[in-house]
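Please look over the structure shown below before reading the briefing that follows. The notes move from a strand and its neighbours to the chain as a whole and then to a pocket.

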Amino acid sequence: MPEERTIRRGGRGGTLPPDRVQPEHVRTRTIGVITRDRTVHGAAAALRGIERAARMGGYSLRVETLRRADQHTVAAAFATLARQSVTGVIAAAALPPTALLRLPADLPVVAVQPDAAGIIPAVVVDQAAGARAAVAHLLGLGHEQVWHVSGAEDWPETHSRVAGWRAAHRAFRRMAPPVLEGDWTARSGYAAGLRLAHRPDVTAVFAASDQMALGLLRAFAERGILVPGDISVVGFDDIPEAAYLHPPLTTIRQNHDEIGRRCVTALLEFLAVTGHAGLIGQEADGSLRPRLVLRDTTGPAAAARAGHEEHCSPV
């Protein structure tokens, strides 16, 4: 096992001292990347963004894909990359807090998660803000509440998007309905859509990924439910196919190329000026904000669909 370092939380000085950074003569022009399931659009797109930025800077990538995000699996991935003498590591997958505190010695790391800021350099994407924008758009159109199909339970992005969805309901003084658990896939969105189709009071749904939104659209179409005439739908990610769905999908766009550029820039800045740690971001508060992209799957709230009774059975 490689030597480990322990860093206390709190403050922005939680970085390697100058004498602990990997010496220049043993570095390669290779950046290590730790990611998760690359069949999920967000993970795959973030990796492509990092790869483009690295290539422009004359670097190649070595990628470790986590099967799970537990501390043992994360430690093994870091150990593998350390043995390959990478220049540094970009943790494109959110890591457990304990893993942030125990990293291989002499290996610069940049993370893409908010709770890393102040411990190691971090590129922060405000997932909750994206969810708030989606739900505020729907509530602003007159929908009484917005149902939510969440992502996989063990992804931090899932919890951030749920938090943003709830926050938007509170801001509009509305009560959020129960969460329908998904797993990022179109299949899980389809299953959720079939369940929601039985509730005539449902007029708006926010899906935590565009793939799940695609499944919703299929389920609603099979049940004769019009989008957006009967139910409005918003996704998240803005996959390349989103503009070509029928109808074109309103969604939340993440700029993965910019995320990748900032990750690589933050890592190289960390190497050049050891001791720099903190937020590398776009907004005044240091975070990258996903943006609402308006297309054709949202519209004003319609009256509850035919057959609605005052007391609907729970989903």
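In strand 4, residues 88-91, which residues lie on one side and which on the other, and are they buried or exposed? In this predicted model, Gly-88 and Ile-90 lie on one side of strand 4 while Val-89 and Ala-91 lie on the other, and all four are buried, so that both faces of the strand are covered. In a regular strand, side chains alternate between the two faces of the sheet.

**Strand 4 and its partners**

- Strand 2, which spans residues 30-35, pairs with strand 4 in the parallel sense, and four bridges link the two.
- Within this pairing, Gly-88 of strand 4 is the bridge partner of Ile-31, and Gly-88 is also one of the buried residues named above.
- Strand 4 also runs parallel to strand 6, residues 109-111, to which three bridges join it.
- Ile-90, a buried residue of strand 4, has Val-110 in strand 6 as its bridge partner.

**The chain as a whole**

- The chain contains eight helices and 14 strands, and 54% of its 315 residues count as buried.

**Leu-180 in strand 9**

- Leu-180 is placed in strand 9, which covers residues 179-181.
- Because its relative accessibility is 3%, which falls under the 20% cut-off, Leu-180 counts as buried.
- Leu-180 and Ala-191 are separated by 11 residues in sequence, and their C-alpha atoms are 9.8 Å apart in space.

**The largest pocket**

- The volume of the largest pocket is about 520 Å³.
- The lining of this pocket comprises 32 residues, of which Ala-92, Ala-94, Val-112, Gln-127 and Glu-157 are the closest to the centre.
- At least two lining residues come from each of helix 1 (41-56), helix 4 (127-140), helix 5 (156-171) and helix 8 (256-272), and helix 5 gives the most, with four residues.
- Sorted by class, the lining of the largest pocket holds 18 nonpolar residues, eight polar residues and six charged residues.

Methods: Residues numbered from 1 in each chain as written. Predicted model: local features only at pLDDT ≥ 70, side-chain atom pairs only at ≥ 80, totals over all residues. Heavy atoms only, no water. 1 Å grid on protein atoms, 1.4 Å probe; cavity = no way out; pocket = protein on both sides within 12 Å on 5 of 7 lines; lining within 4 Å. Points joined across faces, edges and corners; volume = space filled by probe spheres on them. Nonpolar A, V, L, I, M, F, W, Y, C, P; charged D, E, K, R; others polar. Buried < 20%, exposed > 50% of the residue type's maximum accessible area, 1.4 Å probe, protein only. Pairing = 2+ DSSP bridges.
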